[in-house]
Amino acid sequence: MFSHGVEAVLGDRLIIDSVSLDETAMLIADHAIRRDSFDRIVVVGAGKASAAMAAGLSEVIRTNLTSANGEDFPVIGHVNVPEGCHRDLPGITIQEARPAGVNEPTVAAIQGTDRILQLVADAGPRDLVIGLISGGGSALLCRPSPGISLDDKLTVTRWLSSHGADIVALNTVRKHLSEVKGGGLLRANQAGQFLTLVLSDVLGDPLDLIASGPTVPDTSTATDALTVLDQFDPDHQLPAVVREHLQRAAEHPAPSIDASEHSTFVLGNNAVAVDAAGITAEALGYNHVMHCHRQSEGDAEAVGRHLADLTLTMLQADPAVHRQDTFLSGGEPTVSLADASIRGVGGRNGQLVLAAYARLLELNLSDDQWSRLAILSGGTDGEDGPSDAAGGMIDGSIHRRIVELGLDVHDALGRNDSHSFLRQVGGLLLTGPTGTNVCDIRIALVDHPKHRRHQP
């Protein structure tokens, strides 16, 4: 179920399914760009899915377009991606701009971003710029504002993340410390036409928050960013230069952006992935319920405990009367991090799974009930915090290994050490980089074999 959910939102697949080209026009949804209106395509972008998106776009162009003299249609571009996502594409540089498992801006990301800004600034009236934006783009598309250093941005990002700020709060601040976020990439554009294709990792798909909105007008203000800092840094422990910059920006806001020649399309999101997982559940004979959150859910541990309670409810239900045996959900909770001196390795999905397991222990399940349940939570990007896992899972066999080893789930929860805990018992969800990023998929499953339809 999880794998099919991920496959439904792979970047190359979504592009190939959504974009068509012939000698008269490029078609996306109900939008058409006349073929005689551009002589070259400039591809730019950033994110965990952007290499796959670029590969899909390259295939569509190569298969359907030629230049006037019959040669390959001219395409140039640059896309910043995480390590492990490289593709060899004609005309388009795919730069691995940060290490795997480290979702933070780097010097390499800044260098790649400068190249992207230069490409759109050098574009001409007969160029069509196509931006490929996906989750993870905030770290990969980075050019700090004048007076703000990379270390300043890292300090702010780490502080907000460790103090429970959700993606809305985090990106509100990041946009106002950047030359490329909050519409900065569109502001630099000199091409005749600009089109952005988006794979959303932000619940509700707010365009100005996905990858911090590099190609859309910003709906937030520097004052909003200061409000976020007041909430999460009331004692002013962050670098003073950050507040000073935001205060100047609040007093002298940037001019508005002309977006009249720009269109944006969201090709995939969390709902698409969860729906695909549900289709698989149905094919396997499970009676499922699905729910996709449209706003941040809050604390991952609370979400995990709720998922455990739902699992018990399904276990206790009479399958002859109420046959729900699968609960599928999508979202993106937050985690408050332990002090660095005791912190282990793990992310929100692992924390959620451990919290669900701790709650199941409190519910005093029977051996039979333990044998009939499974809970999984994973990031569709294949990353869960600073680890090589997408998330984790719990079932009866994993529970037995935990008991045999005498592991303390509460200690692991308190130290954010889900990766080490689950690794010892075979509970890690390991996918590697997936080429997509649309938040998380969670599955709670119980077995009612006497009432299961024949499985294919």
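Q: What makes the side chains of serine 162 and histidine 163 a pair in polar contact?
A: A polar contact is a pair of N or O atoms within 3.5 Å, where within protein one must be able to donate a hydrogen and the other to accept it, and where residues adjacent in sequence count only if both atoms are side-chain atoms. The contact between serine 162 and histidine 163 joins their side chains at 3.1 Å, and it therefore meets the limit of 3.5 Å. This is a predicted model, in which local features need pLDDT of at least 70 and side-chain atom pairs count only at pLDDT 80 or more, while totals for chains, interfaces and linings use all residues. Residues are numbered from 1 along each chain as its sequence is written, and side-chain values use heavy atoms, with hydrogens and water left out.

Q: Why is serine 162 called buried?
A: Buried means under 20% relative accessible area, exposed means over 50%, and partly exposed is in between (1.4 Å probe, protein chains only). Serine 162 has a relative accessible area of 16%, so it is buried. This residue is found in helix α6, and its side chain also has a polar atom 3.0 Å from the backbone oxygen of tryptophan 159.

Q: Which residues does serine 162 contact, leaving aside its neighbours within four places in sequence?
A: Contact means heavy atoms within 4.5 Å, and with those neighbours left aside serine 162 is in contact with Ser336 and Leu337.

Q: What is the area that domain 1 and domain 2 bury between them?
A: Buried area is the accessible area (1.4 Å probe) that two parts lose on being put together, summed over both. For these two domains the value is about 2,700 Å², with 65% of it on carbon and sulfur atoms. On the side of domain 1, Met1, Phe2 and Leu203 lose the most area to domain 2, and together they account for 33% of what that side buries.

Q: Why is threonine 380 called buried?
A: Its relative accessible area is 0%, and threonine 380 is therefore buried. The residue has its place in the loop between β12 (373-379) and β13 (391-395); helices (H or I, at least four residues) and strands (E, at least two) are DSSP runs, numbered from the N terminus. The side chain of threonine 380 reaches the backbone nitrogen of valine 438 at 2.7 Å. Among the residues that threonine 380 touches, not counting those up to four places away in sequence, are Phe2, Val6 and Cys439.

Q: What makes helix α7 mostly covered?
A: Of the 9 residues in α7 (167-175), 8 are buried, including Ile167, Leu170 and Val173. The buried residues of α7 pack against α5 (137-140), α6 and α9 (222-232). At the start of α7, a side-chain oxygen of aspartate 166 comes to within 3.1 Å of the backbone nitrogen of valine 168.

Q: Why is arginine 34 called exposed and aspartate 36 partly exposed?
A: Arginine 34 has a relative accessible area of 56% and is therefore exposed, whereas aspartate 36, with a relative accessible area of 46%, is partly exposed. The side chains of arginine 34 and aspartate 36 meet in a salt bridge of 2.6 Å, N to O.

Q: Why is glutamate 332 called buried and arginine 348 partly exposed?
A: Glutamate 332 has a relative accessibility of 16% and so counts as buried, while arginine 348, with a relative accessible area of 23%, is partly exposed. Their side chains meet in a salt bridge of 3.1 Å, N to O. Glutamate 332 lies in the loop between β11 (326-331) and α13 (348-362) and arginine 348 lies in helix α13, so the pair ties together parts that are 16 residues apart in sequence.

Methods:
Salt bridge = Lys/Arg side-chain N within 4 Å of Asp/Glu carboxyl O.
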